[in-house]
Amino acid sequence: MKILPPTLRVPRRYIAFEVISERELSREELVSLIWDSCLKLHGECETSNFRLWLMKLWRFDFPDAVRMRGILQCQRGYERRVMMALTCAHHYGGVRVAIHILGLSGTIRSATQKFIKPSKKDKY
Amino acid sequence: MKFFDFHIQGRDHDSSLRLLLEASRLGYHGGVLVYPSERYSDLKSDFESLRENPELQDFEIACGVMIRASDPRDMRRSVNRFRKKADVIYVSGGNLKVNRAACESRRVDILSAPYTSRRDPGINHVLSREAARNGVAIELPLADVIGSWLKVRARVLEHFREILKLQRKFGFPLVLTSRASTIYDLRAPRDIINLAECFGMKAQEAEKSLTSTPASILEDSGNRQLMIADGVRLLPES
């Protein structure tokens, strides 16, 4: 199918986030966790506006836990609601999880360059 | 701007250290380790060693005691016992008589989650006025929102909204805390400010409840021993 012209496309934003969990979650599990959290906090009607899509995922070292960083695509104007829902994520299938927001960006490239690279403060 | 996590549940030395290091990584500048009153004497030595830990040099730590009282008399007895030992005194809310006694006492710093096991928020206009007059802060622990879902979460958000409405009218201090017992319960200050929008709190209000309100409680706590009477403070000899 031919893609829409730029004026008709949905405007997007990219949320860089960090997941800390007791065991490593697969990509599918993480997607399910994000959707569950959005649906629980905002309901089906509101979540349908978010247009969520998990773009990329990286794994980092962390003491006593698994740490991953990723980029989540959402519709512009709904970023704050998505971030609220991500903050509320607490556990998935008996595994304790915490999601921290690293930042918000207009492109995947700048989100990666600004937020995903490990910082000096991360070292314990 | 200095962010404080005003309720981190203290346990043994290692887990408390882990929590404080994680809080520091997330952007907090200080925190209060809260110990249950029953275990306070056993865990006080852990707190002293954490305070001297070189890894936490840039992180301000204070010691708090959580008092779980069955009636106002019991609460007053415990507050008198711990007032000089701990920096911050918390009273666990829920019982209406205890909520009232805590709001009426100048010696209590924080009334924690007054809505616990109740169908109402646990404070009304009378208690709000008393809390504002005596400088007793009301604690809204975000663990109650994050750790629950569906009906329970909706009810907690409803209580938070009611308390916020009273706070705007009567102006008692309000603190947002994580009440974290593991690293999975901690959230970054910006995430907490974002989440506070869920129950109608403005960004400035949320920021104030994470920065200036905790700082003023700690400052008052430091000056408490020099306060002779209301409005009278003992100054050191020059």
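At roughly what angle do the axes of helix H1 (residues 27-47) of chain A and H2(A) cross, and within how many Å do they come?

Reply: Quick caveat: this is a predicted model, where local features need pLDDT of at least 70, side-chain atom pairs count only at pLDDT 80 or more, and totals for chains, interfaces and linings use all residues. Residues are numbered from 1 along each chain as its sequence is written, with chains lettered from A and ligands numbered from 1 in the order in which they are written.

Now your helices (DSSP runs of H or I, at least four residues; strands are E, at least two; both numbered from the N terminus). The axes of H1(A) and H2(A) cross at roughly 110 degrees and come within 8 Å (axes are lines fitted to C-alpha atoms, for helices over the stretch in contact, with angles from 0 to 180 degrees between N-to-C directions). That makes H1(A) and H2(A) roughly perpendicular to each other (65 to 115 degrees; under 35 is roughly parallel, over 145 roughly antiparallel, the rest oblique). H1(A) brings A:Ile34, A:Ser37, A:Cys38, A:Leu41 and A:His42 to the contact, and H2(A) answers with A:Arg81, A:Val82, A:Met84, A:Ala85, A:Leu86 and A:Cys88 (contact: C-beta atoms, placed from the backbone, within 7 Å). By class, that is 8 nonpolar, 2 polar and 1 charged residues (nonpolar: Ala, Val, Leu, Ile, Met, Phe, Trp, Tyr, Cys, Pro; charged: Asp, Glu, Lys, Arg; polar: the others, Gly among them).

H1(A) also lies across S1, S2, S3 (66-75), S4 and S5 of chain A, running at about 120 degrees to S2(A). Those 5 strands form an open antiparallel sheet in the order S2-S3-S1-S5-S4 (strands pair if DSSP finds at least two bridges between them). S2 (53-60) and S4 (91-92) of chain A are the edge strands, each pairing on one side only. Further in, S1(A) (residues 12-21) runs antiparallel to S5(A), with 8 bridges joining them, and A:Glu18 stands opposite A:His100 in S5(A).

A:His100 deserves a stop. With 21 other C-beta atoms within 10 Å, A:His100 is buried (20 or more; exposed is 12 or fewer, partly exposed in between). A:Ala16 is 84 residues away from A:His100 in sequence, yet the two are 8.9 Å apart in space, C-alpha to C-alpha. Leaving aside neighbours within four places in sequence, A:His100 is in contact with A:Phe17 and A:Glu18, plus B:Leu26, B:Arg187, B:Ala188 and B:Asp191 from the other chain.

That leads to the interface. Chain A puts 17 residues into the contact and chain B 20 residues.

For another helix pair, hop over to chain B. The axes of H4(B) (residues 96-104) and H5(B) (residues 125-134) come within 7 Å and cross at roughly 30 degrees, so H4(B) and H5(B) are roughly parallel to each other. B:Asn99, B:Arg100, B:Cys103 and B:Glu104 in H4(B) meet B:Leu127, B:Glu130, B:Ala131 and B:Asn134 in H5(B). By class, the contact of H4(B) with H5(B) has 3 nonpolar, 2 polar and 3 charged residues.

Notes: Contact = placed C-beta atoms within 7 Å. Right-handed = clockwise from strand over helix to strand, strands pointing away.
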